[in-house]
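Please walk me through this structure.

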Amino acid sequence: MSTFLLDAQNLGISFGGLKAVQALTLQIPPNALHGLIGPNGAGKTTAFNLLTGVYKPQTGSMTLNAQNLMGLPPHLIAKAGLSRTFQNIRLFGELSVLDNVMLASHCRGHHSIVATLFRSPTFLAQEQAMRRRAMHLLDLFALAPAAHAQAKSLPYGDQRRLEICRALATEPRVLLLDEPAAGLNPSEKQALAKLIQTVKAQFNLAVLLIEHDMSLVMQVCEQITVLDHGCTIAHGTPSQIQSDPRVREAYLGEPTPTPAGT
Amino acid sequence: MPSALDATTNAQLRRPNLPLITLPWLACALLGLAMLMLGRFLGSYQETLMQQVGIFAIAAVSLNIVNGLAGQFSMGHAGFMAVGAYVAAATTYYGSLLHFNTAELQPGLFNFGHVLMLIGLLAGALVAAALGYLVGLPSLRLRGDYLAIVTLGFGEIVRVLLQQTSPQVNGKDPAEIAAFTDAPLRTLARIPLNGALGFEGVPAYATNLWIWTFVGITCLAAYRIKESSSGRAFLSIREDEIAARAMGINLTKYKVRAFVLAAFFAGIAGGLLAHAGVTTSPIDAGFQRSFEIIIVVVLGGLGSISGAVLAAIVFVLLPQVLHPIKDYRLVIFALLLISMMLLRPKGLFGVREIWNILPRRAAHTKPGATP
Amino acid sequence: MTELLQTLTTTIAVGSLYALLALGYTLVYGVLKFINFAHSDIFVLGAWTTFTAANVLTDRLGINPTQSPWWGAVLILLLTIAVCATVGYLIERFAYRPLRKAPRLNVLITAIGVSLLLQNLGQLNGRVTVATDKDGRPTATLPFGSTPRSMPPLLPDLVLNETVLSQGTLAGGTQRGLVKLDQPLTMLDGRTYRIEFTRTADGQPRREVLALTATAGTFPPGTDLATQPRRSPAEVDGLPYSLIRSPRVPIMLVDVVIVAVAITLMLGLEFLVFRTRLGRAMRALSFNIENAALMGINVNAVISFTFVLGTALAAAAAFLYPLKYPGLNQPAHQIWVLLGLKAFIAAVVGGIGNIRGAVLGGFLIAGIEFFGTLYGDKLFISLGARPGLGTSLADVYVFSILILVLLVKPNGLLGSPVKEKV
C-alpha cells in the first residue's frame, strides 16, 4: 500500500490520435498542497478530467486511499473523496447559493423516495444536517449573507469562492482546484491563498491546484508538477521547479541547453 | 454578520420541523370535498369543466417533474397518460363485469366500484411508471432534442399499438358478459381494448372529490420532491450535468427517477380521465395531447408546481370564458408559447412558486431575511 | 421477386422524399444546432399550397395541368417554394434569431410553438374560397380548413415500362362485353392486359381502356374476349386499338419525376455546400459561429439563407408528395407529424448535420418502412396474428431503428462525435 493519498500512475488519454495527456504520474500524500502547472494547452484541465472521471483514462492506474478509481463514473469518484472546481465556473445558476452547497453533500446521504414523500423523521433530520453543514461552510467563506440569492447573481469573485465551498461540501479527501485565482485582483488572490491554506488545515485534506499565477503557486504549494504537451516534464519543490531548465524552456521556448551549457 | 447568519440558520432549521406529517394528506381530501361541493353548487357543466381542470393539473404537475425540475424534455407524456387510462379503464370495466355482472355505475358514496377504480388507478400508475423506467433509460445517452424525439416516438408507438387492440366485451349484451365471465382470462388475453374506436362505457366514478383529492396528493408529492435532496439533484442535472456528476449526483439514477415519478402521476391522471365519463381513445396518446400539457407546463413555469396548476386552470377555462376565441384556442396558446420563450424564457413563475415570489424579492434586497 | 421489386421502387421514390425533407433538418441542425421542429409543418404548408395552386389553375384559369404545357406544374412548384421559403425566413427571423444564444431547450419549445401555430392556423375553417368545382362548391380555401381533400392530377397517370403487343382494328364480339381482335394474342399467367382506343362520344374524342378478363392461353384472331367494363359491339366496332401488357413492376411517371427532381436538388445542394463560397461559409458556421463571424462571414445572412434553403427543399418534397399520394389530410393531422418524424429519424440515423447522411438515412428509413411492412406482415401472420397487424406497425419498426442507432452509434451512421468542453 502506498503512502500516498492520491496515487495516479501513467494516466493517459488521446482524442483521435492526439495524445492529450500521456503518462501523467501524480502522487499526493495526505494533507499536501500540490501544484500542477504548465503552459496553455499542456493538458492540465484534461488531467483533472481524467482524475475526476469526466474522461475515462485509457492507460495507467489511479487509487485514492488505496481504493481503485480507474474507470469509475464521476459521481462515484466524488463519493470516494475527490472533488473539484471548474476553470470556467459551473455553478447551478438558477439555484440558491445554499442549495448549491447542500446539493454537494448529496453523495453522503441516503435519499429514498418514500421517505421524501412522507417526510420521515430520518429524512427531516438529514435535510437539517445538510442545511446546517452548508450554512457552516458558507459562513466560513463569508457567503452566508447571500445564502438565498441565486448563484448566478453573485459577483464573480464570490462565484469562484462558492465553487470551492461547494466542492468542500462533498467532504473530499483531495480537493482539485482548477485556476481558482483566474480573474481575481491581487488582494483577492492573497485572500484566496490564505483561504486555501485555512481550508486545507481545517478540513484535513490534500489540495491539487492548477494555477497560472506563478507567484501564488510558488507561495502556497509544497510540491509542483509541470506538464507540457501532455507529458510530465518536471516535478519538485517550488525552488527546484524555478531553476529547472526544462520548465523555462516549456514556458519561454528557450532551446534545451546542452549538459555543459548554462 | 454573525447575527444575520444566526437569523437565517435558525429560521431555516425551524422550517421543516412539522411533526404532523399526516395533516397535509388530510388537506388533500378536504380539497377534494370542497371541489365536489363547489361543482355541485355551480352545476353539471361547470362540474365537468372542473374535472378537466383537475386532470390537466395532475398531468401538468407530473410532466413538470421531468421537464421542469430535471430538465429532461419529454414529449410523450400523453403516452404515459394513455397507458394509465387504459389499464385503469380495463380494470374497472372488466372488474365490474365480473363482480356486478354489469358495467353500470353503482350508486353510493363508496362501494366496490370505487375500490376497483382505486386499484385501477394504482395499476395504471405502476404500469406507466414501469414504462417511464424504460423510456428514462435512453435519456442517459440522449440529450435535449434527441430525447424529445424519442419520447415523442414513444407516445406515437403507444397510440399505434392501442389502435391494434381487439374489440371490447359489450357490457350491454348479456350473452357477451356471460361468455366473458365464464372464461375471463381467455378474453383478456386478446387485449380487448376496442382498438381505434376507443374504450367505452367505463363507469364514471371519478367525481371532483376523487380528482381534486388526487390533485392535492400530486401537488403535495411534487412539492415535497422539489424541496428535498432529490429535487435539488433534479435541478442540478437541469442546470449543468457535468457539474452535477462532479458533485456526486448519479445521473442515471436521477434521470430515470424523474421519468418514473412523472410517468406514475401521469398514469393517475390518465386513470382519472378514463373514469370521468369520456371514451378513452388511442388519439389521447398522441402528440397533440402531449403538446397541450407542454404548453401548460411552459406557461406556468418550468419547475413551478403552483404555476402549472394555475396554467392548467387558465388553459381549460380561458376558451370557455372567451367564447368567440374558441376556434383560435391553440393558435393563441401557440403564440403565447412563442412570446413566452422570447420574453420570459423560464415561464410565468420560473422555478419558483406563486407564494414565494414576493418574499424572495425581500430576501434579495435584505440578505439574511427568511424566505 | 415481383413484390420485392415493387417495394424497391416505392422505397426509392418515397426515400427520395424523406431525403429531401431530412436535408432540411440536417442543414438547420448543422448551423444552428437545434432541431427545427416546425420543419414538417413547412412541408404541410407546401403540400397544401401545391393543392391550392393546382385548384386555382384548373378552376380560375381553366388550365388542365396534365394536358397543358409542362410549365403549369413547374409554375406550381416555384410558387410552393416561394411561399415556404418566405414563411421559413419569417420564422427564422422572428422566432429563432432572438434566441440564438438561449439554452437549446428554449429554442426547442419555441419550435414546438411555431409548429403548433402553423398547424392550427392551417386547419382553421376556410374564410376565403379561392377555387370551386363546377357545381360551385369550394375546393380550395384559405386557411386550408379541417377537411381532407383530394389533389387534382398534375401529371398524366403514365406507366413507363409498358409493352405495346400489337395494334389493329377492334371489332365487337357476339354479345355485350365481348370483343374480337384482328391479331393473335398470347396471354401469360399472372399478367394483366388491356386494350386502349379512342372513340367519339358526345362529339368529343375520349380515350378508353378495356381490361381483358380472359384467363391465360393463346387466342387466334377473331376469338371472343371478355372485357371490363362491358361495352356493346356497336360502341367498339371498327376502332383502331393498341393492345398493352402491364409490366410486372410498373415504373410510374410520377415516381420517375420524384426521383429525378430529388436527385437534381441533392446534387445541386452538394455542389452548393462543397463547391461554392456560400457553401464554405455555411460549413464554417457549422464549426463555430463566433469564429466564423470573426472571419468576416455575415452570420445572420448565412443562417437565413441556410434556413430558406432547407425550407425550399421541404417545399419541393411537398410539391412531389401529393403527386404520389393525392389524399391530403388536414394540416394538423397526426399523419403529417409522423411523416416529418420519419424524415427527422432519417437525418438522425444518417448522422444529423451530415448532408450525405441525410440522403442515406432517407432511403434507409423508407426501406425499413416498406420492406418492414412487406416482411413484417408475413412474419406476424406466420406467428398467428391477424393479417394487417404487421403492416400497421410500420412506424414502430422505424422508431425501433432510431432507438437502436442512437444507442449503438449515437452520432448516426456518418456523423462525427461531439464532445462537450469541460
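The contact between chains C and B takes 39 residues from chain C and 33 residues from chain B. On the side of chain C that touches chain B, at least two residues each are supplied by α4 (104–122), α10 (334–350), α12 (389–392) and α13 (394–408) of chain C. Of these elements, α4(C) gives the largest share, 13 residues. By residue class, this side of chain C divides into 30 nonpolar, 6 polar and 3 charged residues.

All of this is read from a predicted model. The predictor gives the complex an ipTM of 0.91 and a pTM of 0.88. For chain C, the mean pLDDT is 88, and 97% of its residues reach 70 or more.

Chain B also touches chain A. Here 36 residues of chain B are in contact with 42 residues of chain A. On the chain B side, the elements that give two or more residues are α1 (2–14), α9 (208–226), α10, α11 (241–246) and α16 (357–365) of chain B. The largest share, 7 residues, comes from α10(B). The side of chain B that touches chain A divides into 19 nonpolar, 11 polar and 6 charged residues.

Helix α10(B) also has a partner within its own chain. The axes of α10 (residues 229–239) and α12 (residues 251–274) of chain B come within 10 Å and cross at roughly 105 degrees. An angle of 65 to 115 degrees counts as roughly perpendicular, and α10(B) and α12(B) are therefore roughly perpendicular to each other. From α10(B), the contact is made by B:Ser230, B:Ala233, B:Phe234 and B:Ile237. From α12(B), the residues are B:Leu251, B:Tyr254, B:Lys255, B:Arg257 and B:Ala258. The residues of this helix contact divide into 6 nonpolar, 1 polar and 2 charged.

Now turn to chain A and its sheet. The sheet is open, has 4 strands in the order β2-β1-β4-β5, and is paired in the antiparallel sense. At its edges stand β2 (18–28) and β5 (67–68) of chain A, each with a single partner strand, so one side of each is left without a neighbour in the sheet. Within the sheet, β1 (residues 6–15) and β4 (residues 59–64) of chain A run antiparallel and are joined by 5 bridges.

Chain C is divided into two domains. Domain 1 takes in 2–154 + 251–408, and domain 2 takes in 163–245. The C-alpha centres of domain 1 and domain 2 of chain C lie 43 Å apart.

Chain C has an open sheet of 7 strands, with the order β4-β12-β8-β9-β11-β6-β5 and antiparallel pairing. Its edge strands are β4 (163–169) and β5 (171–172) of chain C, and each pairs on one side only. Toward β12 (residues 240–245) of chain C, β8(C) runs antiparallel and is joined by 5 bridges. In this pairing, C:Phe197 has C:Tyr241 of β12(C) as its bridge partner. With β9 (residues 204–212) of chain C, β8(C) pairs in the antiparallel sense over 8 bridges. Here C:Thr198 is the bridge partner of C:Arg207 in β9(C), and C:Thr200 is that of C:Pro205. The strands β8(C) and β9(C) form a hairpin with 2 residues between them. In the turn, C:Asp202 has a positive phi of about 50 degrees.

The axes of α7 (residues 277–287) and α9 (residues 299–324) of chain C come within 10 Å and cross at roughly 100 degrees. The helices α7(C) and α9(C) are therefore roughly perpendicular to each other. On the α7(C) side, the residues are C:Leu278, C:Ala281, C:Met282 and C:Leu285. They meet C:Val299, C:Val302, C:Ile303, C:Phe305 and C:Thr306 in α9(C). The residues of this contact divide into 8 nonpolar, 1 polar and no charged.

How values were computed. Residues are numbered from 1 along each chain as its sequence is written. Chains are lettered from A and ligands numbered from 1 in the order in which they are written. This is a predicted model: local features need pLDDT of at least 70, side-chain atom pairs count only at pLDDT 80 or more; totals for chains, interfaces and linings use all residues. Two residues are in contact if their C-beta atoms, placed from the backbone, lie within 7 Å. Ala, Val, Leu, Ile, Met, Phe, Trp, Tyr, Cys and Pro count as nonpolar, Asp, Glu, Lys and Arg as charged, and the others, Gly among them, as polar. pLDDT is the predictor's confidence in each residue, from 0 to 100. Two strands pair if DSSP finds at least two bridges between them. Axes are lines fitted to C-alpha atoms, for helices over the stretch in contact, and angles run from 0 to 180 degrees between N-to-C directions. Angles under 35 degrees count as roughly parallel, over 145 as roughly antiparallel, 65 to 115 as roughly perpendicular and the rest as oblique. Domain bounds come from an automatic or database domain assignment.
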